Amino acid sequence: MGYSNTASNFNRYLETDVLSADPVKLVCMLYRGAIEATVMARRHLKAGEIRERSRQILRAAAILRELSRSLDPQYEEISHPLRDLYAYMQTQLLTANSRQIDPPLAEVEQLLSTLLDGWKTATPSAPPIAQEMYQPVSCTY
């Protein structure tokens with residue numbers, strides 16, 4: 001019963017963290033999830049655990065699909081190369097899964113880590129709506 005409550009509390013915390021996160025933090029969370037899945041897939045590959053390896057590879061691929069869907073076509077100079085990179089990483093994941101080899105997984109892990117490092121340095125700006133809504137209040141009489 002203690003585990004169920006702990007898991008439930010963690011899920012509520014995670015949900016609150018996701019719902020209150022700015023877009024850059026959400027992207028970083030997705031990258032961390034994809035990296036974690038890729039690392040786990042590599043461990044399961046080494047241990048010969050086919051089902052778990054495949055599950056983790058599919059998890060990483062699903063995260064990459066979501067990242068690709070979230071790209072804003074308005075910013076084509078960045079969204080197009082990222083979409084191509086995400087597609088390449090998905091191909092590498094599927095290659096690793098079907099051939100049961102580590103090098104494509106290692107490459108995807110490295111690419112995701114590099115992207116995460118780049119996003120960590122990004123600083124989100126306040127959305128225009130929030131800037132318009134803010135009205136300083138005078139505290140003088």
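Colleague: How do the axes of helix α2 and helix α3 cross?

Modeller: The axes of α2 (residues 23-47) and α3 (residues 50-69) come within 8 Å and cross at roughly 160 degrees. Axes here are lines fitted to C-alpha atoms over the stretch in contact, with angles from 0 to 180 degrees between N-to-C directions; helices are DSSP runs of H or I, at least four residues, numbered from the N terminus. This is a predicted model, so local features need pLDDT of at least 70 and side-chain atom pairs pLDDT 80 or more, while totals for chains, interfaces and linings use all residues. Residues are numbered from 1 along each chain, and side-chain values use heavy atoms, without hydrogens or water.

Colleague: What makes α2 roughly antiparallel to α3?

Modeller: The cut-off for that label is over 145 degrees, and the axes cross at roughly 160 degrees, so α2 counts as roughly antiparallel to α3.

Colleague: Why is Gln-56 called buried?

Modeller: Gln-56 sits in helix α3. Buried means under 20% relative accessible area (1.4 Å probe, protein chains only), and Gln-56 has 6%, so it counts as buried.

Colleague: Which residues does Gln-56 touch?

Modeller: Leaving aside residues up to four places away in sequence, Gln-56 touches Ala-37, Met-40, Ala-41 and His-44; contact means heavy atoms within 4.5 Å.

Colleague: And what does Tyr-31 touch?

Modeller: With the sequence neighbours up to four places away not counted, Tyr-31 touches Leu-67, Leu-82, Tyr-86, Leu-112, Leu-115, Leu-116 and Trp-119.

Definitions and conventions. Helix = DSSP H or I, 4+ residues; strand = E, 2+ residues; numbered from the N terminus. Parallel < 35°, antiparallel > 145°, perpendicular 65-115°, else oblique. Buried < 20%, exposed > 50% of the residue type's maximum accessible area, 1.4 Å probe, protein only.
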